[in-house]
Amino acid sequence: MQNIFIFPDGRKFALCYAQNALGAAQRQDTPLRSPQDIDQLMAYLGGAKLAGIWQDYYVNQARIKIAASTTPLSEISLRIKTDLWQGNLYFIPRDDPEDKPENIDEAIRTARTNLQMHLRAIIQAEQKEKAALEQEYKKLNMAEKAAVSAGAAMTGLGKAGKDFLIWADNIVDVVDINRRAVRVVTAAKKTYWEQNKKTWGQNLAEAEYKELIEALGFDPAKITRAQITEALELAQLIWDDAETRNLLKLFAIDYAKAQHHTEWTETAGSLGFEIILTLILAALTGGAAGVAAAAKNMLLIGKLEKAGQALLTIGKKLKNLKVRAKRKLISVKNSLTSSGPPPKSKHDTVDEVMHKASEKPNPLVPETPPVSKPQYLPGRNESDILAMPKGSRPDPKTYLEQKYIDSHLQGFQQEGGGFLFTGDDIGNPSYQSFNPKKFVMRGDDLSAVIDEYKKTGDVSILETALGYDPGSLAGKDIYMVKLKDPKVVMPTGNEGGANSLWRPGGLTDPGGKREAVLDNISINHNNDINKMMTDFGAERIQ
Amino acid sequence: MTSLVILENALNHDELHQFILGIPPYFIEAKTDNEEPQNVAAAFDKYIYPYWIATYDPSFPQHFSDALKNAVTQCADKNKATYTVLNWIWFYLFCFDKSQKSAAYPGLFSLDLTELQALLYTQLQQQELSLKLDSRWAGAAWNSPNGLWQPITKLCQAIERLNGPIFLPLANTP
């Protein structure tokens, strides 16, 4: 007999009954680590759920002789509590197939594609409207054209489009509030299991909610505190997802261009977070019901809502991934401190593990030397560079500190560089050599990844560290080439190999490994692996 | 099946030829060193073959073949269409060859390339000069002395070695 229970943190567990008590071991991956946790769980389950458990696991299954539908709730509660603590009744994590990491990744990718399609539809519609407006403009006489220039006309669709950007820009004014709210919400969630959760719920959101809706101009009756909280949380998660973030930034720029208000183009590139929040709110509030009424962009909201739905899917899946990552940390911590006393609560466990993970080597992550973050020149940042289309990105010297560049490149002289490739990579007859501006990883970073891979044989370590899609290296012949003192330069992001994962500053994303590009060095493979082995010392690693 | 949504969208909207050509939102990003109109290997491995294995839709090979033809006939950028479609043909035959000789790509569909052969044979004759002047993608100066022409002839030769159609008369190969 199994029932699925969704815990307050979103995790799913199946409840099972064991004839012989399984002890504390069965509580390892659940929030049940102390008597206080059990008390909190009992409170969460409440009378109705406890009665259901009693009926399903005791009465129907005849677990104990005294079990009867008429048993008082106090007795039911005591019995279930005892069985939970002793391990007769226990929870095991239960993932839906769609919650498996690989499926979550796929779902995110799919949602990104849907998002891209909806955004494309918005842009196309805007371009069509722009063309129609231009046709109208051509029909105007000189005096009317002058009035248009003075801003007296050209309202309607064009205005609605512009309003969207104005409104998104207005959100910038409260973005600090957003960030503050996100931080507070995150912190408050950690206290979910603690006694003051109601205090948080009452005290925090009242002030933030009021301030935010006033600043955004929402009709308070149309949007709930829960929606604002959820929107902020999901927006922050999506903002942290570089691929989706870039997609939306580019959309903002394309959108601005489609308005024929070119002065917006520059501003639009910095509206990433605000646009995410706008779209999510549009989706959460059912579009016109909440956002549009106050945001002046009625004509757009239907389209925005569809894009918002795709964005919501991404946000929710990212949330799933975050929960899984925390769970994985807990299991690592358990393996490190299996003999230690049980922590006080689930969230204590998470925090403790995160703290410990930074102190002890994490067996899941290859050890690499410390990497410094890119140091930008004053007034420059990653977002500025990423907002520029590939092909037009500037020389890194114009936005990075020279000493950072020097130190980064010097590392390649000292530690060498290298790269991995597959048999298929050199099989394409269109190319007889690698790109002379090929990305290479710093020698010690590459060695650390390879060592870890060799220890475990888990090809996903290579995929994660090197930015390949999950599963894309499985079953492939993989080779490594190491280059001593390679002539390299800082990547500009204009290279053929720079895709949406590229970040300014010479660090891979994900993975944070140091990378540079060959300075027009030709490595000729002639579609022949033997040539690579002979001429460049390629070593087969899988 | 969620992973195949992009391809399913293309099929449902009769835009498989756009998927072939990598027209957004059908461009499939991949970790490669070189910019391409479409990352054919990734698109095939992540979408075309998995879709075939998941559905065994008997009409799919014909759809695929039609999409290759439509890409050649409908794309205004003839060089891009020729280069991309030849890349698809080569990669398909590369995989088909593997499926015949190893455990890779089991059950891969077979494709009738007869009509495409006639189409591309003519197109290559007409576009030779334009292809030689085109330095996009594999036609970059670091990779070819004569634009896309050399990579295309290499593709055609590789296709012949894989028992595929002959797209170029001998006189045209370098």
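B:L86 sits in helix 5 of chain B, where helices (H or I, at least four residues) and strands (E, at least two) are DSSP runs numbered from the N terminus. Please keep in mind that this is a predicted model, in which local features need pLDDT of at least 70, side-chain atom pairs count only at pLDDT 80 or more, and totals for chains, interfaces and linings use all residues. Residues are numbered from 1 along each chain as its sequence is written, while chains are lettered from A and ligands numbered from 1 in the order in which they are written.

**Around B:L86**

- B:L86 is buried, because 28 other C-beta atoms lie within 10 Å; a residue is buried if 20 or more other C-beta atoms lie within 10 Å of its own, exposed if 12 or fewer, and partly exposed in between, with C-beta atoms placed from the backbone.
- Leaving aside residues up to four places away in sequence, B:L86 touches B:L120, B:I152, B:L155 and B:C156; two residues are in contact if their C-beta atoms, placed from the backbone, lie within 7 Å.

**Chain B as a whole**

- Chain B has seven helices and zero strands, and along the sequence its pattern reads α-α-α-α-α-α-α.
- Chain B has 174 residues, of which 46% count as buried.
- Take the contacts in chain B between residues at least 6 apart in sequence: 58% of them join residues at least 24 apart.

**Backbone features worth a look in chain B**

- The peptide bond from B:P24 to B:P25 is cis, with omega near 10°, and B:P25 is found in the loop between helix 2 (16-21) and helix 3 (40-55) of chain B.
- B:Y105 is not a glycine, but it has a positive phi of about 45°.
- The loop between helix 5 (78-101) and helix 6 (114-132) of chain B holds B:Y105, which is buried because 20 other C-beta atoms lie within 10 Å.
- B:W137 also has a positive phi, of about 50°, although it is not a glycine.
- B:W137 belongs to the loop between helix 6 and helix 7 (149-161) of chain B, and it counts as buried because it has 23 C-beta neighbours inside 10 Å.

**Where the chains meet**

- In the model, 24 residues of chain A are in contact with 24 residues of chain B.
- On the side of chain A that touches chain B, the elements giving two or more residues are helix 3 (101-139) and strand 5 (433-434) of chain A.
- Helix 3 of chain A gives the most to that side, with seven residues.
- By class, the side of chain A that touches chain B has seven nonpolar, 13 polar and four charged residues; Ala, Val, Leu, Ile, Met, Phe, Trp, Tyr, Cys and Pro count as nonpolar, Asp, Glu, Lys and Arg as charged, and the others, Gly among them, as polar.

**Confidence in chain A**

- The mean pLDDT of chain A is 70, and 61% of its residues reach 70 or more; pLDDT is the predictor's confidence in each residue, from 0 to 100.
- Within chain A, confidence is lowest in helix 14 (residues 346-359), at a mean of 36, and highest in strand 8 (residues 488-489), at 96.
- Over residues 170-205 of chain A the pLDDT stays under 50, and the model has 45 contacts beyond four places in sequence for this stretch.
- Residues 261-267 of chain A also have pLDDT below 50, with ten contacts in the model beyond near neighbours in sequence.
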